[in-house]
Structures are given as C-alpha cells and as structure tokens.
Amino acid sequence: MVIAVIIVIVVVLAVLAFLLPRLSRHPERATKKTVGTAGNVAGKLPGPLGRWGRKPFDSTAKWAGKGASAGRKGRGKTPA
C-alpha cells in the first residue's frame with residue numbers, strides 16, 4: 001500500500017512537471033519536506049535501526065525529485 005502511494009506521488013509530480021514546469025517546484029519541495037520530516041523522526045531510532053528506518057524516506061525523496069526532474073526534461077524536449 002505504501003509503495004502504491006509513493007508511485008502515485010512520483011507519477012503525479014512527473015505529470016505536473018511536464019504540464020506546468022514552474023508550478024511543479026512547490027509540490028515537489030512540499031513532498032520532500034514532508035518525507036524528510038518523517039525520515040528525521042525515523043532516524044532517531046537507536047543504532048542501526050535509525051539508518052534502516054530512515055532509508056525508505058530518503059529513497060522516496062530521491063524518487064520524487066527524479067520524477068519531477070524527468071517531467072521537466074521531457075517538457076524541455078518537446079517542440080514549441
């Protein structure tokens with residue numbers, strides 16, 4: 001279920017970045033901020049659990065950035 005939500009977020013950001021490249025930056029930053037906050041909370045677990053707990057959130061932020069970036073690159077390659 002969580003994986004499906006992450007996939008939907010990435011796809012929505014990619015489509016938004018393709019259609020409205022300038023306006024897609026705010027939702028991208030909001031997603032990264034929300035995921036980063038959750039990662040910070042998970043990272044406070046003791047020892048290796050903190051690294052393991054934070055890793056999915058770091059990956060989600062990375063995928064969200066890549067999805068939005070791909071949408072903006074695709075938009076840049078389309079003919080005017």
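This is a predicted model: local features need pLDDT of at least 70, side-chain atom pairs count only at pLDDT 80 or more; totals for chains, interfaces and linings use all residues.
Colleague: How do helix α2 and helix α3 pack?

Modeller: Helix α2 covers residues 25-42, and helix α3 covers residues 48-77. They pack at an angle of about 170 degrees. Their axes are 8 Å apart.

Colleague: Why give both an angle and a distance?

Modeller: Because two packed helices are described by the angle between their axes and the distance between those axes.

Colleague: So are α2 and α3 roughly parallel or roughly antiparallel?

Modeller: Roughly antiparallel. Angles over 145 degrees count as that, so α2 and α3 qualify.

Colleague: Which residues meet there?

Modeller: On the α2 side, they include R25, E28, T31, K32 and V35. On the α3 side, they include F57, A61, G65, A68 and R72.

Colleague: Let's take E28. Buried or exposed?

Modeller: Buried, with a relative accessible area of 8%. The cut-off for buried is under 20%. E28 lies in helix α2.

Colleague: What is E28 in contact with?

Modeller: Leave aside its neighbours within four places in sequence. Then E28 is in contact with L13, G65, A68 and R72.

Colleague: Switching to charges. How many salt bridges does the structure hold?

Modeller: Three. In general, side chains of opposite charge can pair when their charged atoms come close.

Colleague: Which residue does E28 pair with at 2.7 Å?

Modeller: R72. That figure is the distance between the closest N and O atoms of E28 and R72. The pair links distant parts of the chain, with E28 in helix α2 and R72 in helix α3, 44 residues apart.

Colleague: Is R72 buried or exposed?

Modeller: R72 counts as buried, at 15% relative accessibility.

Colleague: And what about E28 with K32?

Modeller: E28 forms a salt bridge with K32 too, and here the closest N and O atoms are 3.6 Å apart. E28 and K32 both lie in helix α2. They are four residues apart, about one turn of the helix. K32 is partly exposed, with a relative accessible area of 36%.

Colleague: What do E28, K32 and R72 make together?

Modeller: A network of salt bridges links E28, K32 and R72.

Colleague: Which side chains does D58 meet in a salt bridge?

Modeller: The side chain of R54, at 3.5 Å from N to O. D58 and R54 both lie in helix α3, four residues apart, which is about one turn of the helix. D58 counts as partly exposed at 39% relative accessibility. R54 counts as partly exposed at 27%.

Colleague: New topic, helix α1. Where does A14 sit, and what does A14 touch?

Modeller: A14 lies in helix α1. Its neighbours within four places in sequence aside, A14 is in contact with G67, A68 and G71. A14 is partly exposed, with a relative accessible area of 22%.

Colleague: How far apart are the C-alpha atoms of A14 and K32?

Modeller: They are separated by 14 Å. Along the chain, A14 and K32 are 18 residues apart.

Colleague: Last one, the surface. Which residues make the nonpolar patch?

Modeller: I3, I7, V11, V15, F18, L19, L20 and L23. The patch is about 760 Å².

Colleague: Where is I3, and is I3 buried or exposed?

Modeller: I3 lies in helix α1, which covers residues 2-19. I3 is exposed, with a relative accessible area of 62%.

Key: Residues are numbered from 1 along each chain as its sequence is written. Side-chain values use heavy atoms; hydrogens and water are left out. Patches are made of residues with over 30% relative accessible area and no salt bridge: like charges are joined within 9 Å, nonpolar side chains (Val, Leu, Ile, Met, Phe, Trp, Tyr) within 5 Å. Accessible areas come from the Shrake-Rupley method with a 1.4 Å probe; for residues, only the protein chains shown count as cover. A salt bridge is a side-chain nitrogen of Lys or Arg within 4 Å of a carboxyl oxygen of Asp or Glu. Helices (H or I, at least four residues) and strands (E, at least two) are DSSP runs, numbered from the N terminus. Buried means under 20% relative accessible area, exposed over 50%, partly exposed in between (1.4 Å probe, protein chains only). Axes are lines fitted to C-alpha atoms, for helices over the stretch in contact, and angles run from 0 to 180 degrees between N-to-C directions. Angles under 35 degrees count as roughly parallel, over 145 as roughly antiparallel, 65 to 115 as roughly perpendicular and the rest as oblique. Contact means heavy atoms within 4.5 Å.
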